[in-house]
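Please find below my note on the model under review. It is arranged as numbered points.

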Amino acid sequence: MRKKIVVDIDEVVLDYVNALLKHLNEKFNMNIKKKQIKSWNITSYYPIPEEKLIYEWERFCEKDSFSNLRLINNAKEGIKKLSKYGDIYFVTYRSKNQKEKTEKNLENKLPSLWQEIIFSNRNNKREIYEKLNPVLIIDDSSEQIKNAIELGFNFFLFNAPWNQEIDVGEKRAYGWKDIMKRFYKYL
Ligand SMILES: [Mg+2]
């Protein structure tokens with residue numbers, strides 16, 4: 001059986017936050033930058049009633065810019081390289097009603113390089129990790145990386161402004177070039 005490698009989607013392979021901020025900034029005439037975002041609760045960065053922000057967030061998810069989110073720098077080369085060592089399983093918090101858009105975008109941008117997209121939620125990624133038993137997990141969520149550590153799986157924490165609070169030493173990866181240089185040490 002081939003080895004399995006688990007890769008998160010948003011902010012690891014697809015550039016979600018920049019596109020969302022662009023949409024919200026245009027709507028509310030603001031200029032919030034990705035580097036300012038220290039938590040996933042993006043609504044707290046806008047002095048706008050939460051329901052208005054959630055409404056706009058939902059509109060963003062209906063837009064073509066969401067359906068066609070661009071790749072994070074060097075993600076294609078990275079996934080290509082990793083896929084030679086194991087099957088790529090994307091595990092995401094995205095909701096199932098974004099399934100079609102997500103599959104289409106990843107098929108277009110990373111054709112034939114991955115096995116499956118598994119739609120999880122915040123609480124069951126851990127169970128999915130256990131079930132898949134991957135040789136490597138790549139995620140930008142410190143919460144999920146804590147699960148990987150507890151379960152004893154190899155991982156890279158994909159560096160982001162919102163995951164600075166956790167110290168994982170050399171297992172913090174500064175982009176795909178960094179992962180490509182070092183992943184083989186952990187497989
Ligand atoms: Mg993510």
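The points below go from the model and the whole chain to the domains and then the sheet.

1. Basis of the note. The model is predicted: local features need pLDDT of at least 70 and side-chain atom pairs count only at pLDDT 80 or more, while totals for chains, interfaces and linings use all residues. Residues are numbered from 1 along each chain as its sequence is written.

2. Overall content. The chain holds 8 helices and 6 strands (DSSP runs numbered from the N terminus, helices being H or I of at least four residues and strands E of at least two). Read from the N terminus, the order of elements is β-α-α-α-α-β-α-β-α-β-α-β-β-α. The radius of gyration is 16 Å, close to the 16 Å that the globule rule gives for 187 residues, so the chain is as compact as a globular protein of that length. This radius is taken over C-alpha atoms, and the rule is 2.2 Å times the number of residues to the power 0.38. Along the principal axes, the C-alpha atoms fill a box of roughly 50 × 35 × 30 Å.

3. Domains. The chain is divided into domain 1 (4-15 + 70-186) and domain 2 (16-67), with bounds from an automatic or database domain assignment. Their C-alpha centres lie 23 Å apart. Domain 1 gives 9 residues to the contact and domain 2 gives 12 residues (contact: C-beta atoms, placed from the backbone, within 7 Å).

4. The sheet. An open sheet is formed by 6 strands in the order β3-β2-β1-β4-β5-β6, with parallel pairing (strands pair if DSSP finds at least two bridges between them). The edge strands, each pairing on one side only, are β3 (116-119) and β6 (172-173).

5. Strand β2 and its partners. Strand β1 (residues 4-7) runs parallel to β2 and is joined to it by 4 bridges; Ile5 stands opposite Ile88 in β2. Strand β2 (residues 87-92) is in turn joined to β3 by 4 bridges, again parallel. Phe90 stands opposite Ile117 in β3, and Thr92 has Phe119 of β3 as its bridge partner.

6. Helices and the sheet. Helix α7 (residues 142-151) packs on the sheet and touches β4 (136-139) and β5 (155-158), its direction making about 170° with that of β5. Axes here are lines fitted to C-alpha atoms, for helices over the stretch in contact, and angles run from 0 to 180 degrees between N-to-C directions. Helix α5 (residues 99-109) makes a right-handed β-α-β unit with β2 and β3; right-handed means that, with the strands pointing away from the viewer, the path from the first strand over the helix to the second runs clockwise.

Conventions
Contact = placed C-beta atoms within 7 Å.
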